[in-house]
Amino acid sequence: MPAPAGLLTWMTVAVTSFAALLFCATLLISLRLEKALTDLVQDRAVLIARQLADSVEGGLRVGIRPEDQTENARKIDGLMDRDAGVLLIALLDGRGQTLVQRMAGTVVGQKPDPVTAQRHLARMSGSPTAADRVSWSDARGIQVVISVKDATGLVSGAVWVVYSLQAPQSAFNQSIQRLGGWSVALSAGFAVLVLAGLALVRRATEQAFQKLAASTAAPSDSRGWPIFPLPQALGTLGRLEAQWAELCAKADSRGRP
Amino acid sequence: MKARLLVALMGLMASLLVFGSVLALAALARDMGTVRVTDVLQGNTQAIATALRIRLDRALSLGIPVTDLVGVEPVFLEHLGRHREVSFFAMLDSQGNALTFTPSPALAPGHHDLAMAEVASQNPSPAFNAAFQAVRTPLRGSEQSDIQGWLVTGYPVNYIDQQVNAVVMDLLVAMLIATVLVIEIMRYAGPRLGVGPLWQFRAFLKQVQHGHLHALSPLAGAGRWGQAGQAMSRRIQALRQSVQALPQGVSEDRLAWGKTHGLLNPAAPWLHTAQPSRLRLMVFLTVLSDELVRPFMAVHASQMDGPLALSVQALAGIALTSFLFTWALSQPLGAALLRRYGSRRCLMSATACVALAMWATVWSQQWVLLVVCRAVTGAAFGFVLIFSQTAMLRLSRDHGRARAMADFVGAVVAAGICGPVIGGLMSVKLGVSTTFVASGLCAAAAWVLAAQQAAIPSAVAPGPPLSWASLAALLRNRRLMTLLLCSAIPGKLAATAVLLLVVPLAVADMGESASLTGRLLLLYFLAFWLVSGWAGRWSDARQNRVSFVVVGGLLSALGCWAGGSGHGAWSLVALCGLLGLGQAWLSSAQIVWATQLAEQDPAGTDGEVALGIYRLLERMGGALGPVVVAFLMGTQGAQASLTALGIALAAGSLITLIALGRANALGGEPGRHPSDRS
C-alpha cells in the first residue's frame, strides 16, 4: 500500500510547476514580441519586393522583357541603399534563373536556388487564383518571392528579397534573458512561500495529532481537522465497539453463545 | 473554521501570486518591446510613405496638379489592406489643407473622427498625439520642384499595446494548457505521490464516521497518517472477526448489527489507480504526439515535391485523409489482435510504430513518402486508441465503465487542448523537423509506459471473433443501430462539421483572425474536458445511460440552434460551448451503452468487437460531416445549415428516447465501490 509523499516532494512538485509555468509564459511573451517584429519586418520585405516588381511589370506592359530592362540594377541598388536590413534582392526570369542580383556586403553565398525558384514559380503560375507571393523565414532571414506578371497576367519572372531577422531575434534574446531572470527570482520567492506554508500545515497537523493522542475522553473535537475527520471517525468507531460489547454482554447474560 | 480560512487564504495567495507573476512578466515585456517596435514601425511607415510618394510624384511630374489627382483613394486603400500597421493615409495640398483622408477599416470610430479632424493640423492636440504618430512626406514631382503637397501616413502609438493584449490572451491560454498538463501528469504521479491514497483515506474516514466499516485504511507507512489508519484497520478487523465468528441461526440481533455496518463480508479492496492512470497518460502522450504536428501538417504537405497535377489543396488533403482512413480501418481489428497477442505486446508495438513513423516523417522529403508515413502513423495511432479503450473497459468491468471511458476521452481531449498550441510554437521557433522528433519522443514515452503495463486479460470469456457473421449480427441489432444512427453518427457529424468547417469559415467571414477560431475550438475542448469525467461518474452512479445520451443530444441541438439563430462572435461561443457540453455529457455513456447493447443481443456479439465496429462507423460519420455541411452551406447558407443540424440532433435524441427509453440500466453493474464515494 502506498504512503503519502514527504514535504520535500510536495515542495519540488509545486515549485517545479510554478517555474515551468513562468518559463512557458516567458517563452510565449518573447515569441509574441518576436512575431510582432517579424511581421513588421516581413511587411518591409514585401514592400521592397513589390516596389521592384511593379517597376519591372511597368516595363513588361510596354513589351520590354525583364532581361532587356536596363534600369533594374540601378533600382535594386537604390532599394538596398535605402534600407540596411536588406540582405539580397534578385530578379529572376520565368525559368527561375537569376537576371540581376545584389547582396549586402556581409552576406556570403546566399544566391537564390534555381530549383526552389522554379518550384515557387510553378506554384504561383499554376492557376489564375494562385497566390502571387510566397514568404517564409529560415536561418538566412525572411525570404519573400513575388511574381512578376506581363500584360496578359502570365508569370514572367519573380523578385526574390531576403531581409535580415536581426531585429526580431535580438528582441527575442533580450526578452528571454530579462524575463528569464525575473522568472528565476519569482520562483525563488514562491519556493520560500510554499516552504513556509507546508511547514505551517505540518506543524498544525502535528499539534492536532498530539492533542488527539493526549485526549483521554472520546475524541470528537473536530477543530484542527478541516479536511480529514479523524476525531469523528475515531469517535464513531469507539461507539460501535461499545455497542458491540453491550450486545455481546446481553447475549452472554441470556446464556446464548 | 480557522484552519479552513487559513487554507483558503493560502490558496488565494498562491493564485494571486501565479496570476500576478504572469501579468508582471507581460508588463515588463511591454516596456521592453515598446522602443523596439516603435523603431521598426517608424521605419516601415517611412518606407511605405516613400513608396507611395514615388508613385504620386510620377503623376505630379507629368504636370497634373495635386488637387486634380484621381484614383488616389483606391491606391491608399490598397496599401492599407497590405500594411495593417498603418492607421490612415491623407494627402494635403501645398497650403496644408486636406484633400483626401483614407482611414484603415480597422480604425475605431472615435479614433477615425480624431484623425480626420486633425490630420492637417500643424499642432495636433494631445489626444491625437496620444493615439497616433504621423509621418509627413513632401510631394514635389521632381527633386528640383517646389513642394506641391504632402502625404501624411499615420500609425498607432499603442501598436505594442495591441500586441500585449494578444499576449495576455495567449498567456491565459498558456495557463489553461499548463493546468491541463499538470492535471494529466498528476493523475499519473498522484498515486505515486500518495495523493490518491490520501484522498481514499479521507473517504475511508468519512465512511467510518457514518458507521460504514466495509473497508480498511488504504494508507500504509510509518508516518502519522499511516499509523492512524493501520490502528483503525486493526480495530475494524477485530470487530469483523467477532461478527463473522458468530454461528448462523443464532444471535440474530448481532448479525443484523454486523450487516448494518458492513462487517459480514470480507473487507472491500480499494481501487488501485496506478494501472488506469498509466493507461490514461499513455493515451495522452500518444494523442499529444499527433496533436503537436496538426497545426502545420497541411501546410507542410502542400509544400512538398509532389505531382504537379495535384493542387496544393489536394497535396494537403490526401496526406490528411491517409491518416484518417487508416485510423478508421484499424478500429475493428483491435479486439482480435488483443486476444491473440495480449494487451502489453499490442500496446508496445502500436506505440513503437507511432514513434518510428513520426521519426521517419522527418526524412520524408518526397510527398509520396510523407503520405505513406502518415498512413502508417494513422494505423498505429488508431490501434493505440482501440487497444487502450478496450483495456480500460476490461479494468473497469466491475465498477465504473462510463467513468473509465470518460478517463479515456478526457485524455484525448486534454491532448487536443495542449498539443496544437505547443506544436505550433515549436514549429515556428525550432522548425518542423524538431517538432516531428519531439512528437516521436512523446510516442516513445508512451511506449515506456506500455512496457511497464502488465497484460490486462479479459474478465469474461471472449465471444465470437470479428467476422462477416458478427458484423451482420451487429447490423441486425436494432437497438444498437438506433443508437448509432440517431445519436452517435449525427453527433460526430455535427462536431466535425462545426469544428473543421463552420467555425473557421464563420470567423473568416467576420473578418477576424485565425486566433479567434483557435480560441473557439479551445472552448469546445475545454467544455468537453471539464464535463466528461463528471458525466461518466454520474452515469455509473445512477446506472443510467439513456438520459445522459438524450440530454447530451438535446444540449448539442441547442448549441447548433444558438449558432444558427444568432449573429457574431457570441453565437459562435454559444455554439462551441453548448456543443462541447452536450457531447461531453453523452460521450462516455454512449460508448458503454453501445457495448452493453451488443453484449445483450441474443446473437451474442462480443462487446470488444462491437466497440471496434462502433468506432469505425462513428469515424466514418465524422468524416462525412464536413462534406454534408459544406453541401448544405453551399445551398442554404451557414445559419440554415446549423439550424438543420440542430433539428436533426434533437430529432435523433427524441427517437433514441422513444425507441430505447426502456432499455436502460443495462449490464447489472454491482453496487458502489468504496472509491466511488471519493
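Trainee: Which residue does Asp83(A) form a salt bridge with?
Mentor: Arg44(A), with the closest N and O atoms 2.9 Å apart. A salt bridge here is a side-chain nitrogen of Lys or Arg within 4 Å of a carboxyl oxygen of Asp or Glu. The model is predicted, so local features need pLDDT of at least 70 and side-chain atom pairs count only at pLDDT 80 or more, while totals for chains, interfaces and linings use all residues. Residues are numbered from 1 along each chain as written, chains are lettered from A in written order, and side-chain values use heavy atoms, without hydrogens or water.

Trainee: How many salt bridges over all chains?
Mentor: The search of the whole structure finds 17.

Trainee: And how many across the interface of chain A and chain B?
Mentor: The rule finds 1 there. Arg235(B) and Glu241(A) meet in it, 2.8 Å from N to O.

Trainee: Which helices of chain A supply the side that touches chain B?
Mentor: α1 (7-61), α3 (114-124), α4 (166-214) and α5 (230-253) each supply at least two residues. The largest share, 24 residues, comes from α1(A).

Trainee: How much area do chain A and chain B bury between them?
Mentor: About 7,400 Å², 73% of it on carbon and sulfur atoms. Buried area is the accessible area (1.4 Å probe) lost on putting two parts together, summed over both. In contact terms (heavy atoms within 4.5 Å), 72 residues of chain A meet 84 of chain B.

Trainee: New topic. How do β1 and β2 of chain B run?
Mentor: Antiparallel, with 5 bridges joining residues 88-93 to residues 98-103. Strands pair if DSSP finds at least two bridges between them. Ala90(B) has Phe101(B) as its bridge partner. The hairpin has 4 residues between the strands, and Gly96(B) takes a positive phi near 90°.
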